[in-house]
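Hi there,

Here is the structure I promised to pass on to you. Have a look at it first, and then read my notes below.

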Amino acid sequence: MSRARTPLMRRLPLNTAAVLTVLVCLFPVYWMISTAFKPSRDIQSTDPQLFPHTWTLDHFRTAVQADGFGLFWRNSILVTVSSILLALVVALASAYAVARLRWKGRRQFMLMVFIAQMAPWESLIIPIYIISRDTDMLDRLPTLTLVYFMVTLPFSVIVLRGFIGTIPPELEEAAQVDGCTRTGAFRKVALPLLAPGLMATSLFGFITAWNEFAYANFLIIKHQDSRTLPVWLSSFQNTFGTDWGATMAASTLFALPALVVFLLLQRHVTSGFAAGAVKG
């Protein structure tokens, strides 16, 4: 009995640390959601309540009925989905060329991709702003789409390149022997096996583009109708300051699409990231 308890006792500190880490990470999310359901008097009370004693949906009504909610929601969906699709197409072609073909400069290309992935996004704001201003691309949703595409592309190439490397090339060669072209063999044999990797990169791209604030705030200045939801969230101000109830309700609604996408793709995410880091 003591021998059986020994491994459990050894894992106890690690399990305790894991539980504490999860609680610390989830508490801000819980506080955001609980604040969204609290009446304004409880939110502004000097005695904070961990659990709401009174529940209300007034803050959600305020958020949904706010000016531009539907428009900015549509803008965010349009920019996010467009950047993801564009990044997947380009990254899939680039990753396949690196993983399957042998050409001069292949290693240098991947080195540049890694360098681009390591570069902080914030350092590119000023150059991108200057380029957008000089090319008359400020205050346009296509500009945000291209920026998010550029930000998510290096990561997508790295993950998909590793994932393609785990697929035996003999499968495509066998399809080519049966009469398929290289493109047909990839589409019929390799592409279905790449579903977990595509799902993983799509999730990363969605979360990145959906939550991004800095570029949307700097590149959309005059045409307020082109703003996205992260920028819109900062608009809940009144004569008394920030309307925290409406802000937390809007933030809860804003987080729902990312949560839904994660729940739909979670089965593929782990296998996709793991396979993308194993070989290549």
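Let's start with a salt bridge, meaning a side-chain nitrogen of Lys or Arg within 4 Å of a carboxyl oxygen of Asp or Glu. The side chains of aspartate 136 and arginine 140 form one, at 3.7 Å from N to O. Aspartate 136 is exposed, at 55% relative accessible area, while arginine 140 is partly exposed at 39%. Here buried means under 20% relative accessible area, exposed over 50%, and partly exposed in between (1.4 Å probe, protein chains only).

Some background: this is a predicted model, where local features need pLDDT of at least 70, side-chain atom pairs count only at pLDDT 80 or more, and totals for chains, interfaces and linings use all residues. Residues are numbered from 1 along each chain as its sequence is written, and side-chain values use heavy atoms, leaving out hydrogens and water. The pLDDT, the predictor's confidence in each residue from 0 to 100, averages 83 over the protein chain.

The count of salt bridges comes to four. Another one of them joins glutamate 172 and arginine 100 at 2.9 Å, N to O. Glutamate 172 sits in helix H8 (residues 169-177) and arginine 100 in helix H4, so this pair ties together parts 72 residues apart in sequence. Helices are DSSP runs (H or I, at least four residues), numbered from the N terminus. Both glutamate 172 and arginine 100 are buried.

Aspartate 58 and arginine 61 also meet in a salt bridge, at 2.7 Å from N to O. These two are three residues apart in helix H3, so about one helical turn separates them.

Happy exploring!
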